[in-house]
Amino acid sequence: MKIVCKNIVEPETFLDNYLRQQERVMKFYDYSIDKDGAAARYGEIAQRSYQRDQLVEALERFNEQLTKSDDTFFQINRLRNPESVVVIGGQQAGLLSGPMYTVNKVLSILIEAKKLEEQLQVPVVPIFWIAGEDHDIDEVNHTFFHYQGQVKKIRLAERNDIKQPASERIITSGTAAELVKEGFRLLQETEHTTKLYRSLMEDVSTDCTYVEWFARLLHRLFEGTGLVLMDAADPNIRQLERPYFRKMLQKNDELRQAFVETAREFRLEGYGEPIDIDEKNAHLFFHEQGQRYLLEKKGEMFAEKQRSAERSLSSLLQLLEENKPVLSNNVVTRPVMQDLLFPVISFIAGPGELKYWGTLKGVFHTFGIKMPLVLPRLHLTFISRRAEKHLKWLAVHPDTVAKEGLKERKQAWLEQRGGMEAEAAFRKAAGKMADALAELSSTFHHRGQEAATAHRRYEALVVKGLTQYQQRIERVAEKEKAADIRRFDEVETELRPNGMLQERQLNIVPLLNEYGDDLVRRVARRLEDEETAAGDHLYVYL
């Protein structure tokens, strides 16, 4: 395994300005992403209090259902130490772990936690926040497998007209097992296939939710690293969140105003509107009959958006007092809730998260707290041995493939090797035929309408026949070069599938099948010895 670190950030983009800590960007954040920023943030955390013992109990209950790893429970218990802090990041509960950016985000969390622990000389706990309250099923009910030039989508058929959280959506054992089988039918058998298949089937030996399935796989992928998982919809966590939901209700007018003001300023700076600016949005969801509905403020009332139900502040506060888990966060209040629950020193952000966090500074300040360090996650591209071999033959750097794809190079390659001689020859023939047909039309023009109709008919047949002839010849030419063309296709499928970065589409399972189910853990160990910086792009040659 070889890891090559590259910086492929486009100049003068938002991310580029952020990494260079330019003032026009950094004014939307509280801390710089350097040692001084980390030290200052640690000083702020030291002045705050957290429900540490209760957090430990909740995290132990959740994780003990999913793993027996001593390393995970060691990390959980370090939260009892009042000097400890956490590095946190999160994602939805993707099918079979979802796109590779989930793996990349966890790796980023582990690396940053280790780095900060050495720097600050205090316990730093790596935590992955699973967005189990999320109800957008179309974002998590599918994934993409790749193998030798093909990308295949595997999907669970689900109703998308209900707003049921992922933590409550049950997948039957039989349905999940069939999906695993479907995925493995796309893969070639290797020495690792049997073990991997059995472990994935074991995960779904009983009915489970999206979150449970996701968490079991993630724990196995990162076994021994000390990774701690947390479900945002865990009832034990919801219990701890009650006082913070109370504040979010009582200060709702202030938090809405703070968000709108900061988001508008962010937009005026030319950074767009990463979160829709809606002055009525209360940034909380209400749970009722197994579904969740976004609340908006209408005068003194909280109304369910697109529904007629309205509730007063006092009635919502009463439900909290009765310990009913009726509220959950949206994209604006989730980061604040995260910070109120945990002593967060660093949040690991994807590109979209980095931008929308830039609109939240005022919301944090509404609750008397500051934002943590917001660190862009690492981007990893895994390069199989087969793809590496093809890249050498093509004399192309993976940067080029990731940014541009290979379509134009493939076209140029075909032209250079005579793959396009057919087009020129048929274009010439088409011109001659057009001249000949025009001459015939002129010759028989005086024969009247019947002759003109016959001419149009046979002219169309000649054009169609010539087109079919050309297509057939081009297929023959492409077939002759098929082996070499597959090199282009396989590299592009692996590094830029469907025109996207690898991490944004492909699933990790095909690579586990090829290189072993300990692949991610081996990458994690290697990265401990690498010098990396926030936002770096790493090419992992397998």
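A: Thr333, Arg334, Pro335, Val336, Met337, Gln338, Asp339, Leu340 and Leu341 are the buried residues of helix H13. That makes nine of nine, so the helix, which runs over residues 333–341, counts as mostly covered, buried here meaning under 20% relative accessible area. Keep in mind that you're looking at a predicted model.

Now step back to the whole chain. The protein chain splits into domain 1 (1–377 + 511–541) and domain 2 (385–502). Their C-alpha centres sit 47 Å apart. Where the two touch, 13 residues come from domain 1 and 15 residues from domain 2. About 1,300 Å² is buried between domain 1 and domain 2, with carbon and sulfur atoms giving 60% of that area.

What holds charges together across that interface? There is one salt bridge between domain 1 and domain 2. Lysine 6 and aspartate 399 pair up through their side chains in a salt bridge, at 3.6 Å from N to O. Three residue pairs are in polar contact across the interface of domain 1 and domain 2. On the side of domain 1 that touches domain 2, strand E1 (2–6), strand E5 (150–155) and strand E17 (537–541) each put in at least two residues. That side of domain 1 is made up of six nonpolar, four polar and three charged residues.

Salt bridges turn up elsewhere too: the whole structure has 41 of them. Take aspartate 16 and arginine 20, whose closest N and O atoms are 2.9 Å apart. Aspartate 16 is buried at 13% relative accessible area, while arginine 20 is partly exposed at 43%.

Another one joins glutamate 269 to arginine 24, with 3.4 Å between the closest N and O atoms. This pair ties together distant parts of the chain, since glutamate 269 lies in helix H11 (residues 252–271) and arginine 24 in helix H2 (residues 23–26), 245 residues apart. Glutamate 269 is partly exposed at 22% relative accessibility, and arginine 24 is partly exposed at 35%.

An α-helix has 3.6 residues a turn, so residues three or four places apart point the same way. Lysine 114 is partly exposed, at 34% relative accessibility.

Note on methods. Residues numbered from 1 in each chain as written. Predicted model: local features only at pLDDT ≥ 70, side-chain atom pairs only at ≥ 80, totals over all residues. Heavy atoms only, no water. Domains from an automatic or database assignment. Contact = heavy atoms within 4.5 Å. Buried area = accessible area lost by both parts, 1.4 Å probe. Salt bridge = Lys/Arg side-chain N within 4 Å of Asp/Glu carboxyl O. Polar contact = N/O pair within 3.5 Å; in protein donor to acceptor, adjacent residues only side chain to side chain. Helix = DSSP H or I, 4+ residues; strand = E, 2+ residues; numbered from the N terminus. Nonpolar A, V, L, I, M, F, W, Y, C, P; charged D, E, K, R; others polar. Buried < 20%, exposed > 50% of the residue type's maximum accessible area, 1.4 Å probe, protein only.
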